[in-house]
Amino acid sequence: MAAPGSGLRLPAGEGGGSAAASSLSMERIRSLTDLPELEAAYSRLCGEEKGVEEELEALLEQQSTIESKMVTLHRLGPNLQLIEGDARQLSGMITFTCNLAENVSSKVRQLDLAKNRLYQAIQRADDILDLKFCMDGVQTALRNEDYEQAAAHIHRYLSLDKSVIELSRQGQEGSIIDANLKLLQEAEQRLKIIVTEKFDVATKQGDLPQVERFFKIFPLLGLHEEGLSKFSEYLCKQVANKAKENLLLVMETDMSDRRAAVIFADTLTLLFEGIARIVETHQPIVETYYGPGKLYTLIKHLQVECDRQVEKVVDTFIKQRDYHRQFQHVQNSIVRSSATEKIEPRELDPILTEVTLMNARSELYLRFIKRRIVSDFEVGDSMASEEVKQAHQKSLDKLLNNCLLSRTMQELIGCYITMEEYFMRETVNKAVAMDMCEKGQLTSSMVDDVFYIVKKCIGRALSSSSIDCLCAMINHSTTELESDFREVLCTKLKLGFPATTFQDIQRGVTSAVNIMHSSLQQGKFDTKGIESTDEAKQSFLVTLNNVEVCSENIMTLKKTLESDCAKLLSQGFGGEQAEAKIDSCLADMAAVSNKFRDLLQEGLSELNSTAVKPQVKPWINLFLSVSHNIEEEEFNDYEANDPWVQQFIINLEQQMAEFKAGLSPVIYDSLSSLTTSLIAIELEKVVLKSTFSRLGGLQFDKELRSLIAYLTTVTTWTIRDKFARLSQMATILNLERVTEILDYWGPNSGPLTWRLTPAEVRQVLALRIDFRSEDIKRLRL
Amino acid sequence: MRASNSSPLIALYYLQWYTPEACLQFKDHFHALVRSACQQRNTGTVGLKISKVVVVGDLYVGKTSLINRFCKDIFDRDYKATIGVDFEIERFEIAGVPYNLQIWDTAGQEKFKCIASAYYRGAEVIITVFDLADIQTLEHTKQWLEDALRENEPGSSFIFLVGTKKDLVSGAACERTELDAIRFANEMQAEYWSVSAKTGENVKEFFSRVAALAFEQSMLKELEKSNGRMAQIGAGNLIRNSPETPESNSQASLNCC
């Protein structure tokens, strides 16, 4: 018992397993005296023994497998020795092969080097031969005046590697080559001088083939810049000559000539077309002989001459057409606005057209140049870095924006805007002053005239192809329409619509005073005065129509301009933000349309309250004089002789007919809608003041139905909505008993939506004299 | 507050003014009506709100640079004169409401005055710019403002006076010029700012302030219009007398930012 106990101790202690094993040391067992304790220790030890036995058995079971594995391992031993030997052999072989390969490759490398050197040697020999050939060739070519050939030789020489020349000097024939080189350099210098001279001579003689011949030689000699500048000098001279001729022609042009009004625009066009043609014809030569990306230099030179010529043309234009004086005159007119010194707007018309045409031509030309240079740069810069591209872009922008042509046009357009605005304002004023309304016309002449003028002015600004100029004119037009023209219509509406009842005389006097006042204040507008109320009425209605048409015209104008601008933009005019600019300005313009709409509403409600209401109200009040507290007999009598509604309808029809004739359908619709609302409200008031019997209710229901039926025929909008409350009142007044209302109320209402509050329902019920108030009070609504 | 960094900074408070001696408003909160409207997303049926800003001033004071620094965060040393008018749209989101500033950059050169002046109309904000290093340009701002105001209804636009190129002047010189500028600003009823487009100093803050004021104004106008349409019975009047307005007036500088 002791042996297993001590044997167990170690593993148990190590594994930190059962605490019992370690606690049961021999000493502890020996010290046990108590029987139960002894028994407990014993049973625990027995348990442990069993466990150990199981473990041992498991280990023994594994013995056979382990043994068989050992056997296999023993068998493997000799094989492994064999493998080791093989591996060693293999490694030896690989090392050998490797060495071999390295040997071979070093030889190959040597061969390659040799080959390269050979090539270089051949190349150099070729170069030296070339050099020699060049030396000989140049001499002969020069002697034969075959400058292309000579230049080609020099070009070959210049493209040779400098080191080759250095090396060839070191050879045995160094001194000869040295001498030859010297000759060659001399020949180069001579050729340069000759070409320059010949070119100058050809330029002077205007011999285009010769000019082009020597122009092609410059790049061969490495004189790209010089060639381009000399060539453009020649081209500039041609441009200048042509321009001078054209300008002389202008001075001689008869004022009766068909194109006399736009002769300066035509001259500019000729100038631009000339330059464009030059660019067009010479671009291929430049591209072929000077390489891509050189067009910019050529055009830069040409632009200087272009600017010079433009300046001349514009100066003559300003002098001949008195442009600046006219501008001054306009400015003075704006400031002083005294009628005597005012410049007649019609006089400005031709000059404004010409300026916009001039600007349009310039924009077209600048766009042409831009497109050419950009595409040329694109070819030239296809491999270049981003920085180079940006530098090129910048220099192009600078050329286009800073050239005198741009600046001159900007100045002209600046003056143009002011003059165009003046033209528009004055012509609009004139159109307003000459306003006429023909009989049978809904609108008066000024609306058409004003929009014709505005459209013309914006159209002219558009034709300048300058987005800024266009937007500026759109803004001016918006201001003109919104403040000045709207003010005119507003003043007319303020005169009011004269009523035809006894207030006539009263109103007639006040409106006459008003007219006097306004015509005194404004001076220019509305001097005719209004003789009779009839005319005053007519004038008010026409103005209402005018306002409506204005609002619509503005939207039409906006749409037209949108499509026009889209066309302009699609042609590539304007910068990156051009579209947003135009959109913004057009949106401002569209907003003015709403202002006119507001004005129309104001005018309509004025008409409704001053003209319609005073008439309709007494007619409706007649309802009160017709008793609805009736018996069978009276009801039948009413059937035969309608007491109220027929007459009301006839009166209404007569009155509305007057408006229908004088107003556009849209406004008439709005007015009848307003009138209908008015009738509904007023009728409700009188109904609540009346009393009804059962038959009276029926009578009212009949009357209401015929009224609604009539109004439905004369209005395009549904009016049932407006009469919903009245119809519900009629329903209530038609009830048999008070409690019958519950069949229609609350959960029983079905599709009917009650527009009357419970309190109102009670109020209406109380109108029936046969309903007892206790019954009504008892209702639970 | 720019849509790009998407934090609705202006949401509930104003960005601060530059100097209390020349500033348009001392409040540090939006008008209560505007705030509640923004929170309820009750910002009217009109889709996007746009305010028009017009920038005027002498040539070479840095109008374009100022705008480019704000809109594109770039600064170009080379001077390139503006031709006619340039135009930028900057998108904001204020208090969750998308909002655009339409900035019209006008040319300072005399020859473009006729074109540029056609663009002054309907400006919610007029920014008059001068060069802190060139006192004459400050004197010209009055003329520029007068021209711009002529095309607008009186009292309909916010006016800002901005001194540029702050990096070019020393502290003392700057302070001296600022004193003059503040005097000008008070006469013009404008708010004054000193900025530098080159270093970017105050540029963002300035435009944020412009956007906040313009936004509030246009919202108020919108709300007024819709209230008028519905014929409300003075629903807003109760809030208008809330005690926070006088309080924030006195403590504004503490509360802000």
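What share of the contacts in chain A with a separation of 6 or more is made by residues 24 or more positions apart? In this predicted model, such pairs account for 79% of those contacts, where contact means heavy atoms within 4.5 Å. Local features were considered at pLDDT of at least 70 and side-chain atom pairs at pLDDT 80 or more, while totals for chains, interfaces and linings use all residues; side-chain values use heavy atoms, with hydrogens and water left out. Residues are numbered from 1 along each chain as its sequence is written, and chains are lettered from A and ligands numbered from 1 in the order in which they are written.

The secondary structure of chain A consists of 27 helices and zero strands; helices (H or I, at least four residues) and strands (E, at least two) are DSSP runs numbered from the N terminus. Chain A is more spread out than a compact globule, because its radius of gyration is 54 Å, well over the 28 Å that the globule rule gives for 781 residues. The radius is taken over C-alpha atoms, and the rule is 2.2 Å times the number of residues to the power 0.38. Along the principal axes, the C-alpha atoms of chain A fill a box of roughly 145 × 145 × 45 Å. Of the 781 residues in chain A, 42% are buried; buried means under 20% relative accessible area, exposed over 50%, and partly exposed in between (1.4 Å probe, protein chains only). Chain A exposes about 42,800 Å², of which carbon and sulfur atoms supply 55%. Accessible areas come from the Shrake-Rupley method with a 1.4 Å probe, and for residues only the protein chains shown count as cover.

Helix 11 of chain A (residues 295–321) has 27 residues. From its first C-alpha to its last, helix 11 reaches 36 Å, close to the 39 Å expected at 1.5 Å a residue; the expected span is 1.5 Å times one less than the number of residues. Just after helix 11, Asp322(A) takes a positive phi of about 60°.

A search of the whole structure found zero disulfides over all chains, a disulfide being a pair of cysteine sulfur atoms within 2.5 Å. Cys403(A) is in no disulfide, and the nearest cysteine sulfur, that of Cys306(A), is 7.2 Å away. Cys403(A) is buried, with a relative accessible area of 5%. For Cys437(A), also in no disulfide, the nearest cysteine sulfur is that of Cys550(A), 14 Å away. Cys437(A) is partly exposed, at a relative accessible area of 35%.

In chain B, strand 4 (residues 125–131) is largely enclosed by the rest of the structure, because seven of its seven residues are buried. Both faces of strand 4 are covered, with Val125(B), Ile127(B), Val129(B) and Asp131(B) on one side and Ile126(B), Thr128(B) and Phe130(B) on the other. Strand 4 runs parallel to strand 1 (residues 49–57) of chain B, to which five bridges join it; strands pair if DSSP finds at least two bridges between them. In this pairing, Gly57(B) stands opposite Val129(B). Seven bridges join strand 4 to strand 5 (residues 158–164) of chain B, also in parallel, and Ile127(B) stands opposite Phe160(B) in strand 5.

Positive phi values also occur in loops of chain B. Tyr60(B), not a glycine, has a phi of about 65° and is found in the loop between strand 1 and helix 2 (63–71). Asn202(B), likewise not a glycine, has a positive phi of about 70° and lies in the loop between strand 6 (191–194) and helix 6 (203–230). Asn202(B) counts as buried, at 17% relative accessibility.
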